[in-house]
Amino acid sequence: MSKTPATPTTTPTIESLEQGERPFVLADHMGRVVGLNAAFTRTFGWSLESLEGQSLSLILPEAYQMSHQLGFSRFQATGHSTILAHPLRLATICSDGRTIVSEHFILAEQREGEWLFGATLTPLEEDTPAP
């Protein structure tokens, strides 16, 4: 009896995340916001004008900003990460200061010799605390 080969899974790309319907944010190699979609604005209240050129840390709780910067720097130095392409349950800070627990799914791609980072931030149930 022969087995049918498993269907290969499609590896998501930054482009596929950006074109999806989930809130999406794009950052350059320095961790500065360079793009977001309408779903991100609707969900978290931030406009591109308010975040463009700002550090991604702005949308993270203060308690996690330093570890975010350290992880980002480590990735830049080594090209290795244990969190990319894995769902992460984190908090996201809205433009009005509210916190929304969300699943962050982050990808990194090299374009023209520089790293580009894209992430979806999908809101989760509000009654479960973020880490």
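Valine 25 lies opposite alanine 119 of strand β5. The model is a predicted one, in which local features require pLDDT of at least 70 and side-chain atom pairs are counted only at pLDDT 80 or more, whereas totals for chains, interfaces and linings use all residues. Residues are numbered from 1 along each chain as its sequence is written, and side-chain values use heavy atoms, with hydrogens and water left out.

Strand β5 spans residues 114-123; helices (H or I, at least four residues) and strands (E, at least two) are DSSP runs numbered from the N terminus. Pairing of two strands requires that DSSP find at least two bridges between them. Strand β1 (residues 24-27) is paired with β5 in the antiparallel sense over 4 bridges. Strand β4 (residues 99-111) is also antiparallel to β5, with 10 bridges, and histidine 104 has leucine 121 of β5 as its bridge partner. A hairpin is formed by β4 and β5, with 2 residues between them, and glutamate 112 in the turn adopts a positive phi of about 50 degrees. Because 7 of its 10 residues are buried, β5 is largely enclosed by the rest of the structure; buried denotes under 20% relative accessible area, exposed over 50%, and partly exposed the range in between (1.4 Å probe, protein chains only).

The largest pocket has a volume of about 710 Å³. Of its 28 lining residues, His68, Phe72, Ile83, Leu88 and Ile106 are the closest to the centre. A pocket is an open set of points, on a 1 Å grid over the protein atoms alone, where a 1.4 Å probe fits, with protein on both sides within 12 Å along at least five of seven lines; lining residues have an atom within 4 Å of a point. Grid points are joined across faces, edges and corners, and the volume is the space filled by probe spheres set on the points. Helix α4 gives the largest share of the lining, 8 residues. By class, the lining comprises 18 nonpolar (Ala, Val, Leu, Ile, Met, Phe, Trp, Tyr, Cys and Pro), 9 polar (the others, Gly among them) and 1 charged (Asp, Glu, Lys and Arg) residues.

The whole structure contains 3 salt bridges, each defined by a side-chain nitrogen of Lys or Arg within 4 Å of a carboxyl oxygen of Asp or Glu. Aspartate 28 pairs with arginine 32 at 2.8 Å, N to O; aspartate 28 is buried at 12% relative accessibility.
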